[in-house]
Amino acid sequence: MIGFVASLAALVLLGAPIAISKRFRGLGVPARIAIAFASGTVALTVAAILVALVHIQWNTAVLTLATLSISIAAGVLLARSRLDLPRPADRNVPVAVAAMILATLAVLFLFAAVWSGRATSPDFVYFWGVKAA
């Protein structure tokens, strides 16, 4: 269970170079964590595909370095781009509260499934990030 949670946290850390871009400074911490998680997941997927295409044997160090390189490069490109991101309209608090409750329930259900042993397939636990994208 600890390894699974650590792998999810690692995706956030690997996507952090994108999430700390000045483009996302106006967003709150939960939004930036979500951006870091999604970015880390996509960067890991791209890194895994590129490593496979050049016939390098996968290991943790190779995928970590490749993912971090992709994430840093994307963060630099995003910071240099002139793309204007749309600003959110007025905030709808009831919708935000409902979304947070649903997201919390989904994460709790995921942890309960992993903890109870119903989702201990190595395919699910170890390749979840790659398949998410």
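## Helix H4

Helix H4 has 24 residues, which should span 34 Å at 1.5 Å a residue; the C-alpha atoms at its ends are 34 Å apart, so the two values agree. The expected span is 1.5 Å times one less than the number of residues. This is a predicted model, in which local features need pLDDT of at least 70 and side-chain atom pairs count only at pLDDT 80 or more, while totals for chains, interfaces and linings use all residues. Residues are numbered from 1 along each chain as its sequence is written, and side-chain values use heavy atoms, with hydrogens and water left out.

Leu110, Ala113 and Val114 of H4 are buried, a term for under 20% relative accessible area, with exposed over 50% and partly exposed in between (1.4 Å probe, protein chains only). An α-helix has 3.6 residues a turn, so residues three or four places apart point the same way.

## The chain as a whole

The protein chain has five helices and zero strands, in the order α-α-α-α-α along the sequence. Helices (H or I, at least four residues) and strands (E, at least two) are DSSP runs, numbered from the N terminus.

The chain has 133 residues, and 24% of them count as buried. Its accessible surface is about 9,200 Å², and carbon and sulfur atoms account for 73% of that; the method is Shrake-Rupley with a 1.4 Å probe, and for residues only the protein chains shown count as cover. Of the contacts (heavy atoms within 4.5 Å) between residues at least 6 apart in sequence, 64% join residues at least 24 apart.

## The second largest pocket

The second largest pocket has a volume of about 410 Å³. A pocket is found on a 1 Å grid over the protein atoms alone, as an open set of points where a 1.4 Å probe fits, with protein on both sides within 12 Å along at least five of seven lines; lining residues have an atom within 4 Å of a point. Grid points are joined across faces, edges and corners, and the volume is the space filled by probe spheres set on the points.

The lining of this pocket has 14 residues, and Ile33, Ala34, Phe37, Ala103 and Val107 lie nearest its centre. Helix H1 (2-19), helix H2 (29-53) and helix H4 (93-116) each give two or more residues to the lining. H4 gives the largest share, six residues. By class, the lining has 13 nonpolar, one polar and no charged residues. Ala, Val, Leu, Ile, Met, Phe, Trp, Tyr, Cys and Pro count as nonpolar, Asp, Glu, Lys and Arg as charged, and the others, Gly among them, as polar.

Ala66 is in helix H3 (residues 60-80). Leaving aside residues up to four places away in sequence, Ala66 touches Ala47 and Val51. Val76 is also in H3 and counts as partly exposed because its relative accessibility is 37%. Val76 and Ser21 are 55 residues apart in sequence, with their C-alpha atoms 7.9 Å apart.

His55 lies in the loop between H2 and H3. His55 has a positive phi of about 60 degrees although it is not a glycine, and with a relative accessible area of 72% His55 is exposed.
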